[in-house]
Amino acid sequence: MNGMNKETQTTEVVTKKDLTKAAVRYMFMACNTYNYENHQGPAVVFGLEKVLRKIHKNNDDDYVASLNNHFKYFNTTTWMANILLGASVAMEEKDGVKALDTVQNFKTGMMGPLAGIGDTLIWVLYPTIMGSIAAYMGLEGNPTGALIWMLLNVIFFFFRIKLFHLGYDSGLKLITTLGDKLSVFTEAASIMGLTVIGALIPSVVKMSLGLVFKSGKVKLAIQTGVLDKIMPALLPVVLTFVVYKLLASKKLTVIQVIFLIIILALVCSFFGILAL
């Protein structure tokens, strides 16, 4: 790092051209760098790194801290992500490095609800309807359906860029309205984010025991008869907690933890400890 003035740039320095460039960069890499550790985190960093450099141009340390913050887990419908990322840029432009916690909590809290909307309307409804029409017309030898599909994708490309600008404008209005109440918003966003992540555990992590207690003619499934009575999804919660502790200790990498879980699942399934 070179010796630069340590005053953080927090005035409005982001232009519409910067926002458009950031949107296009993210959209180009949203799926290309997708991984099971932080999902779209690398794409977010690639998309925003130019505009973040402009925001934190007077402080290299703040710039690095911002990049690391955006490299964390992020996953939502790519269309909806443009709104969140635009708002995040606005928040960070306004308050600099002080907004990092707010930005992360905001993204974490909103990515789930927006994914629910985006996945239904965009990943399911739109390609199903338009894809079916285009495919049917193609089978009939009519290229019009394919042309309409291509035209819609071009239109939606610019619409997604507009969503990024919309998120930026909304983010500015949000933090301007909150003013000194930003800390309250940060806490609320943090709670919402934790709630979203907690709700993901039983729906994403699947784990159940295959053990059955037998005594004479009495049979009792440990999973349904005992554990589910105590708390549904108890084992997924315990597994998530153990994985979190392993990663927090930094003694094992994410890849090592994944292989450890795969080996444990195979061994336990073979001996009937875990149900398939």
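How many aromatic pairs does a search of the whole structure find? The answer is five. Before we visit some of them, note that this is a predicted model, in which local features need pLDDT of at least 70 and side-chain atom pairs count only at pLDDT 80 or more, while totals for chains, interfaces and linings use all residues. Residues are numbered from 1 along each chain as its sequence is written, and side-chain values use heavy atoms, leaving out hydrogens and water.

Let's begin with the rings. Rings of Phe, Tyr and Trp (its six-membered ring) pair if their centres lie within 6.5 Å; planes under 30 degrees apart are stacked, over 60 edge-to-face, and the rest tilted. F157 and F158 are edge-to-face, with 5.4 Å between centres and 85° between planes. F158 is exposed at 53% relative accessible area, whereas F157 is partly exposed at 33% (buried means under 20%, exposed over 50%, partly exposed in between, with a 1.4 Å probe and protein chains only). Ring pairs also join W79, F156 and F159 into a cluster.

Now turn to E92, found in helix α4, residues 78-95 (helices are DSSP runs of H or I with at least four residues, numbered from the N terminus). E92 is buried but has no salt bridge, and K107, the nearest side chain of opposite charge, is 7.7 Å away. A salt bridge needs a side-chain nitrogen of Lys or Arg within 4 Å of a carboxyl oxygen of Asp or Glu; Lys and Arg count as positive, Asp and Glu as negative, with His and the chain ends not counted.

Notes: Helix = DSSP H or I, 4+ residues; strand = E, 2+ residues; numbered from the N terminus.
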